[in-house]
Amino acid sequence: MWFFGSKGPSGFSSSSTAEEVTQGIDGSALTAIVTGASSGIGVETTRVLALRGVHVVMAVRNVDAGRNVKEAILKEIPGAKIDVMELDLSSMASIRKFASQYQSSNLPLNLLINNAGVVTPFMLSHDGIELQFATNYLGPFLLTDLLSETMKKTARESNIEGRIVNVSSIGHRFTYSEGIRFDKINDESGYSSWYAYGQSKLATILHAKELSRRLKEDGVEITANSLHPGGILTNIMRHNGFMNGFLHLIGKYFLKSIPQGAATTCYVALHPQVKGVSGEFFMDSNISNPSSMANDVDLAKKLWDFSFTLINPK
């Protein structure tokens, strides 16, 4: 954290906005998918990428809400290139359908921004996976895997570096003692909503790190990074009425605005300073240090293998 708005090595700070960190960048040759693009920082990420000329595909659970966001952006930026597609990250069937439809569109894919996230009490997904782990981590893991060949093809043919951006959280530091509860992912006993959220966000960092290692090993011009957007007043707490109300009451005094909250995502996705940088964790548009568990190479490999058993059940 760069305190009191002081600038880090990148020249940006916690008070920088998404427009500021992308000022002067031409993204007109790029196509991006942004998940969770119909609310919170997903909307601002979509708007700013479109402002910089990027063709944005909004991957959203609520298509009507997505279309409303698209219309609002088009009123501000008449030339914006935006499409809306349905995607429910808690459903593997929905993810596979989305990926198939995207591939059939023959669109290139330069940027994959895994932004969507939830905080919930104990629930299971459509596939019987604890909902926060499913939505915040496993869904994006499957989506990234299904679209990886499209990204590789785009990088080869365009000669433009692809970028995968996982929106994590500083909450990854507050997880279960073992980090990932491999044998108890769907176990309600000992469940903590906050620890489950931390577990899912730890997993998103480990995913980016292991993916980065594999992409480098394969010599592919695609980077994978993760980030903490900052404390932001969004609807992520919509399943926790008390906490949602509490944050809306006091949040304006110490939380980031949505334009500030989307800054690090847009910086990592577009800024030339990040070219060739992979496997890193960013905060306030600067490289930062995650927890020791998030840097555990063996844990990242174990999670990778475990995830494939979940997305390809026998």
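This is a predicted model: local features need pLDDT of at least 70, side-chain atom pairs count only at pLDDT 80 or more; totals for chains, interfaces and linings use all residues.
Residues are numbered from 1 along each chain as its sequence is written, and side-chain values use heavy atoms, with hydrogens and water left out. Helices (H or I, at least four residues) and strands (E, at least two) are DSSP runs, numbered from the N terminus, and two strands pair if DSSP finds at least two bridges between them.

**The sheet**

- An open sheet of eight strands has the order β3-β2-β1-β4-β5-β6-β7-β8, and its pairing is mixed.
- The edge strands are β3 and β8 (286-288), each of which pairs on one side only, and neighbouring strands of this sheet are turned by 25 degrees against each other on average, direction ignored.

**Strand β6 and its partners**

- Strand β5 (residues 162-167) pairs with β6 in the parallel sense over six bridges, and Arg-163 has Thr-223 as its bridge partner in β6.
- On β6 there is also a parallel pairing with strand β7 (residues 281-283), made by three bridges, where Ser-226 stands opposite Phe-281 of β7.
- Strand β6 (residues 222-228) is mostly covered, with seven of its seven residues buried, where buried means under 20% relative accessible area, exposed means over 50%, and partly exposed lies in between (1.4 Å probe, protein chains only).
- In a regular strand the side chains alternate between the two faces of the sheet.

- β5, helix α6 (residues 193-217) and β6 make a right-handed β-α-β unit, right-handed being the case in which, with the strands pointing away from the viewer, the path from the first strand over the helix to the second runs clockwise.
- Helix α6 lies across β5, β6 and β7 and runs at about 160 degrees to β6, with axes being lines fitted to C-alpha atoms (for helices over the stretch in contact) and angles running from 0 to 180 degrees between N-to-C directions.
- Helix α2 (residues 40-51) lies across β1, β2 (55-60), β3, β4 and β5, at about 170 degrees to β1.

**The α5 and α10 packing**

- Helix α5 (residues 131-158) and helix α10 (residues 297-311) pack at an angle of about 85 degrees, with their axes 11 Å apart, and α5 and α10 are therefore roughly perpendicular to each other, a term that covers 65 to 115 degrees, whereas angles under 35 count as roughly parallel, over 145 as roughly antiparallel and the rest as oblique.
- Among the residues that meet here are Phe-133, Tyr-137 and Phe-141 in α5 and Trp-304, Phe-306 and Phe-308 in α10, where contact means heavy atoms within 4.5 Å.

**Ser-91 and His-126**

- Ser-91 has its place in the loop between β3 (82-86) and α4 (92-105), and at 10% relative accessibility Ser-91 counts as buried.
- His-126 lies in the loop between β4 and α5, and at 59% relative accessibility His-126 counts as exposed.
- Not counting residues up to four places away in sequence, His-126 touches Asp-88, Ser-90 and Ser-91.
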